[in-house]
Amino acid sequence: MIGLSHYLIVSALIFSIGLMGVLRRRNLLMLFFATEVMLNAVNIAFAAFSHYYNDLTGQMFAFFLIAIAASEVAVGLGILIVLYKKYGSLDLDDLASMKG
Amino acid sequence: MYEIVAFYLFSALTIGLFLITVMSKNVLYAMTSLASGMVLISGFFFILGADFLGVVQLIVYVGAVMALYSFAMMFFDATRDIKERNTNPALVFLLGGLSALVLVLMFAAPIHSEAIQALYPMHEGVGNAQDVGIVLFTKYLIPFEVAAVMLLVAMIAGIILAGKKMDQSLTEDTSADDEILTQKDAK
Amino acid sequence: MMENLVYIALFAPFVSSMFSALFGMSPRQTFVGIVASTLLFISFAASATLAMHVYSTGVGIHVTMMDWISAGDLHIPFGFLVDQVSVTMMTVVTLVSTVVHIYSIGYMDHDKSFNRFFSYLSAFVFSMMILVMSDNFAGLFIGWEGVGVCSWLLIGFWYHKKDVSREENPSISPSWAANEAFIMNRIADLGMLVGLFIVYWNVGSLQYDVVFASLPELSGSVLNAAAIFLFIGAMGKSAQFPLHTWLTDAMEGPTPVSALIHAATMVTAGVFLVIRANPLFSMTPEVSYFIASLGTFVAFFAASMALVNRDLKRIIAFSTLSQLGYMFAAAGLGAYWIALFHLAAHAFFKALLFLGAGNVMHAMHDELDIFKMGGLKKVMKWTYIYMGLASLALAGIPFFAGFFSKDAIIETAWNEGTLILWFILVVTAGMTAFYSFRQVFLTFHGDERYKAFGIHPHEMYKFVLIAMSPLAFLAVVAGFGMGGFEHFVTKLLPEYHMSEHTHHIAWILGLVVLLFAVGGILLAYKKYDKGLKRDEKLENSFIYRLLANQYYIPQLYEGFITKPYAMLSEMMWTKVDMKIVDATVDGIAKLLYKSGDKTRKMQTGNLSNYLNWMAVGAVLLLVVAALSAMLG
């Protein structure tokens with residue numbers, strides 16, 4: 001039988017994959033992809049909790065997460081475009097002007 | 001039985017696709033695998049009985065968000081590989097692996113208690129969409145409205161950030177109209 | 001009414017000090033001196049009125065101004081007690097202070113720090129009044145410290161004079177002498193504080209009446225300890241051996257300072273303490289005997305050094321030291337009222353002596369060497385008369401003030417059966433007469449040696465001479481008040497009568513002393529009346545040089561105490577303070593700075609790096625959460 005733990009483990013694995021992607025990627029756009037992966041993994045976990053406790057709260061959280069992710073993508077891509085126009089490159093190492 | 005098969009299939013596919021997303025050097029491959037992974041995740045939602053959520057995932061994520069990413073991908077030459085340098089693979093695998101290990105261990109042990117009570121319990125007999133609608137528009141009304149405002153703000157931000165000649169107003173300022181008219185006359 | 005008088009007597013000097021301080025940085029203004037002297041005179045009038053009141057009613061006045069410390073069991077008020085003992089001291093102090101203030105208007109008239117001088121002088125009188133009038137040991141200690149500070153300020157009044165070597169000036173410089181005085185007093189104050197702590201620890205209060213009432217309940221060792229430590233404090237203030245070198249070096253200050261502080265008031269604070277705490281000292285006979293012996297020793301010791309000294313003020317300083325020894329001898333032997341009487345009489349004629357010396361110095365343009373003077377009686381008649389009268393009183397010639405008081409002390413020594421002390425005191429009396437008149441003859445009689453140095457002396461201003469006259473009057477007649485004084489003061493102090501046996505032979509004893517005194521005067525007359533005859537062989541003999549160099553004690557202190565301590569301090573400064581303490585503090589600062597510098601490298605500006613750190617933090621938190629969940 002598939003229990004709550006199974007879904008949570010799957011969610012954890014996907015989250016770690018997303019984390020690895022975040023750490024690994026130097027291109028800003030690819031970084032966004034990895035962030036999307038992480039968000040989705042969390043959504044799985046919420047839905048699993050909602051199913052196994054017969055509580056709608058998890059699904060509500062997942063809804064709002066999706067909304068937030070969507071708006072984040074919109075704004076993030078807008079910034080990405082402006083950055084590209086200004087610096088001509090999307091590589092993180094070229095964008096290190098805040099060096100302390 | 002179907003559930004078990006579906007679960008393992010979806011899990012394997014999802015993990016594999018997301019690995020491609022994270023590791024690939026080609027933008028097109030990464031994006032494609034991301035979209036596919038999201039479709040499979042909506043499959044997860046359907047298994048878990050969250051029909052409405054699954055449909056929303058398909059429409060919003062796969063439909064809208066991935067479309068947005070596709071437009072962004074137009075910046076790049078899809079045939080060329082992204083050059084990424086000086087990432088320390090050891091560090092990445094260490095951190096990722098460690099977090100995976102810890103999280104899996106945490107979730108594998110049965111540490112969830114039995115005393116949790118449902119805050120908004122599911123109703124028997126009604127469909128999931130109806131149930132979600134009841135809770136969303138009564139108990140979660142304010143977050144709903146706030147999320148709407150947030151989306152509006154994001155939309156405006158996106159327009160302003162990405163648009164050309166955004167410092168001039170097209171409706172109030174008539175100089176643009178004059179410019180267009182003079183251009184027409186010049187022709 | 002009486003309470004108001006108490007406050008007036010106490011605070012008039014304070015007002016004078018504050019008033020003069022307003023003009024401290026201005027050039028000299030005569031009215032500052034006049035105002036100061038007037039305020040001091042008001043204080044004297046108040047004290048005299050209080051004295052009359054206490055004399056007529058026989059009861060003291062006790063006022064409590066306000067609570068000072070009230071913490072837990074410790075309760076110390078600002079209280080003032082005007083009884084027979086304190087009113088005697090008050091009258092003496094204010095009278096001498098008034099005369100000295102008026103004198104200073106004339107003496108310091110060429111000094112540019114004129115106003116500052118009066119501020120310090122009045123502040124000193126205020127501290128002394130607090131010391132004398134306080135009704136508890138803590139107030140006494142405040143006054144004690146106050147007079148120490150003012151003494152330091154006044155000795156080092158000419159602080160801009162540079163240090164010179166010991167051969168040129170045994171006191172090196174006014175700043176050095178001031179420091180020496182203050183530090184020696186500090187060392188003694190430590191003993192006094194320990195004594196106060198012992199008293200408080202065992203009694204629970206510092207009020208005189210409470211302490212003296214509970215003395216019979218204390219054990220012998222506690223009483224002895226308290227007495228010894230309080231006396232150590234008295235030793236510092238009254239310059240008993242071995243803390244005596246500061247008194248002669250204090251002559252670096254202006255002469256009015258020497259007259260007021262180092263003759264009449266501050267140095268008698270130690271005697272006052274012993275008299276005030278007489279219940280304690282009566283119960284510790286061994287300590288009292290030690291006090292008497294030390295006093296006798298100091299009397300002889302100081303007189304010996306005065307025999308050969310050439311410095312006008314130093315001779316008088318040694319005689320002060322010697323007479324202080326007499327007072328302690330009397331107090332140690334239990335004759336407290338006699339000690340108090342000698343204190344008062346001594347204040348008058350010693351102050352007169354110092355002021356006269358000041359006149360001489362002023363006339364001789366601050367020349368102090370009596371070998372360079374001589375024959376001044378032709379030019380300075382009144383000063384000669386004053387100093388002659390004061391020296392007669394000091395020598396103990398009959399019917400002058402010193403005769404009655406000193407004789408009473410010597411008789412006490414016989415009466416107590418301490419014949420060795422008696423003998424030493426008698427010999428010292430002879431020496432006192434000798435050196436006093438040696439100084440008078442060398443200064444005023446004989447050939448006029450000063451002419452060779454081109455000095456043109458003249459007498460002091462008339463008003464100064466008039467101001468000195470009350471002192472001269474008292475130096476002559478004060479002795480006759482001894483009977484009345486005894487009657488007055490023994491209402492509070494223990495009575496002391498000579499035994500029958502002593503009474504019978506009293507006239508023989510007096511004759512012996514008189515013989516010594518007159519003998520001393522005649523010897524001085526024979527040697528010095530015709531003028532100075534230098535004797536090379538005598539001046540180079542061992543004894544002469546020993547006495548002239550104060551038994552080499554200052555050099556001993558410098559070699560064995562000052563220099564090692566200075567070396568120790570320097571070592572502690574360079575090795576401990578700079579290398580350890582400063583290094584530690586600097587090290588902590590450097591550590592923080594360096595660690596901040598190194599962590600600054602974390603800010604690469606690279607987003608990927610930041611994400612790395614975020615992941616590290618997140619993983620760490622996860623691990624911690626897991627562990628705590630597992631263990632908890």
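Across the interface of chain A and chain C, the rule finds 0 salt bridges. The rule asks for a side-chain nitrogen of Lys or Arg within 4 Å of a carboxyl oxygen of Asp or Glu. Helix 1 (4-24) and helix 2 (28-53) of chain A each supply at least two residues of the side that touches chain C. Helix 1 of chain A gives the largest share, 3 residues. By class, that side of chain A has 9 nonpolar, 1 polar and 4 charged residues.

Some ground rules. This is a predicted model, where local features need pLDDT of at least 70 and side-chain atom pairs count only at pLDDT 80 or more, while totals for chains, interfaces and linings use all residues. Residues are numbered from 1 along each chain as its sequence is written, chains are lettered from A and ligands numbered from 1 in the order written, and side-chain values use heavy atoms, without hydrogens and water.

Terms next. Contact means heavy atoms within 4.5 Å. Buried area is the accessible area (1.4 Å probe) that two parts lose on being put together, summed over both. Helices are DSSP runs of H or I, at least four residues, numbered from the N terminus. Nonpolar covers Ala, Val, Leu, Ile, Met, Phe, Trp, Tyr, Cys and Pro; charged is Asp, Glu, Lys and Arg; the others, Gly among them, are polar.

Back to chains A and C. The contact takes 14 residues from chain A and 11 from chain C. They bury about 960 Å² between them, 57% of it on carbon and sulfur atoms.

Now chain B against chain A. Here 79 residues of chain B are in contact with 67 of chain A. The buried area is about 6,900 Å², and carbon and sulfur atoms give 76% of it. Salt bridges between chain B and chain A: again, the rule finds 0.

Last, the backbone. A cis peptide bond joins C:Phe241 and C:Pro242, with omega about 0 degrees. C:Pro242 lies in the loop between helix 8 (220-237) and helix 9 (245-249) of chain C.

Which residues other than glycine have positive phi? A:Asn54 is one, near 55 degrees. A:Asn54 sits in the loop between helix 2 and helix 3 (57-87) of chain A. C:Tyr552 is another, at about 60 degrees. Its loop runs between helix 23 (542-548) and helix 24 (553-600) of chain C. A:Asn54 is partly exposed, at 42% relative accessible area. C:Tyr552 is partly exposed too, at 29%. Partly exposed lies between buried, under 20%, and exposed, over 50% (1.4 Å probe, protein chains only).
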